[in-house]
Amino acid sequence: MRVISLVVEGLERANEEGLMAWLMAQDADVICLQDTQCSEYSLKSNDFFPPEYNAYFLDNFSDHRKNGVAIYCKTLPKAIMTGLGFVDFDDKGLYIQADFQHVSVGSLLMPSGIAGDEAMNTKLKFMDLLGGHLQKVKNKRRDFILCGGWELVCKSADAEESGNRVDIPGFSDVEQGWLNTLYKTGYCDAFRAFNTDADEFTWWPEGDDAGGLRTDTHVVSIALCNRIDNAAIYTQEAFSDHAPVIIDYDVDL
């Protein structure tokens, strides 16, 4: 099973850069997109509804031009779940999940903490709720693949300028601690489970000339860590300030 994820920073804008044509050439079983900045009903082009896929969207209820997540599935899922049961967040377009027979694949957009103290407090509240949720579901008789823009940096190797800056998004002690705890309690970073190469980055928040970060990944159930056949970050083309993460799993849907 091939799963691709990408923070698109506006699905329609990314498509102008060739995103959908590229995705359709990748033979992915599931495609997870974040920060779509649209709703299903605001999309006018058939590009966004390819016949090979079942497409599902969740937008920000108040303004579909903010946030938004989507998931494209070749195999019809058994169920689609929108939101995580978080009253303060489920209407913000942050999470959508496709359930198959033995695995669930989620598309997650972490709230950004860049804008200031209030934004960071919101992010930390979401992280606290998400951590509790992930501990509750890890004992279910199914595996989870959570794809997205986590805006979290776990190790210095995942931040190009980690030795020179203290303001790197997602690199605070609290954020690092949360992610490291997650990786010690039933989950793993699917990309790093397969690919340990240095200089593998997925986000350039200040543009190509500034330092890169690896904040986009698939966080997966620990049982899947040894079932990863390949993991790569695609950087030959730019569809947004983020790069697609492509991971092949030894999993049947």
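**Close-up views of the predicted model**

**View 1. Met 127 is a buried residue of the predicted model.** The relative accessible area of Met 127 is 1%, and because the limit for buried is under 20%, Met 127 counts as buried. Met 127 belongs to helix α3. Leaving aside residues up to four places away in sequence, Met 127 touches Met 110, Leu 152, Glu 175 and Trp 178. His 64 is 63 residues from Met 127 along the chain, and their C-alpha atoms are separated by 23 Å.

**View 2. The largest nonpolar core has 55 residues.** Val 105, Phe 126, Leu 130, Ile 145, Trp 150 and Tyr 249 have the most contacts inside this core. Helix α3 (residues 117–137) supplies the largest share of the core, five residues. Leu 130 touches Leu 84, Phe 86, Leu 108, Met 110, Trp 150 and Trp 178, again not counting residues up to four places away in sequence. Another core, of 23 residues, lies apart from the largest one; Leu 19, Leu 43, Ala 70 and Phe 239 are among its members.

**View 3. Strand β6 (residues 95–99) is mostly covered.** Five of its five residues are buried. In a regular strand, side chains alternate between the two faces of the sheet. Tyr 95, Gln 97 and Asp 99 lie on one side of β6, with Ile 96 and Ala 98 on the other, and both faces are covered.

**View 4. Strand β6 pairs with β5 and with β7.** Four bridges link β6 to strand β5 (residues 79–82) in the antiparallel sense, and Ile 96 of β6 stands opposite Thr 82. Strand β7 (residues 103–109) runs antiparallel to β6 and is joined to β6 by five bridges. Asp 99 has Ser 104 in β7 as its bridge partner. With three residues between them, β6 and β7 form a hairpin.

Technical notes. Residues are numbered from 1 along each chain as its sequence is written. This is a predicted model: local features need pLDDT of at least 70, side-chain atom pairs count only at pLDDT 80 or more; totals for chains, interfaces and linings use all residues. Side-chain values use heavy atoms; hydrogens and water are left out. A nonpolar core is a set of buried Ala, Val, Leu, Ile, Met, Phe, Trp, Tyr and Cys residues joined through side-chain atoms within 4.5 Å. Buried means under 20% relative accessible area, exposed over 50%, partly exposed in between (1.4 Å probe, protein chains only). Helices (H or I, at least four residues) and strands (E, at least two) are DSSP runs, numbered from the N terminus. Contact means heavy atoms within 4.5 Å. Two strands pair if DSSP finds at least two bridges between them.
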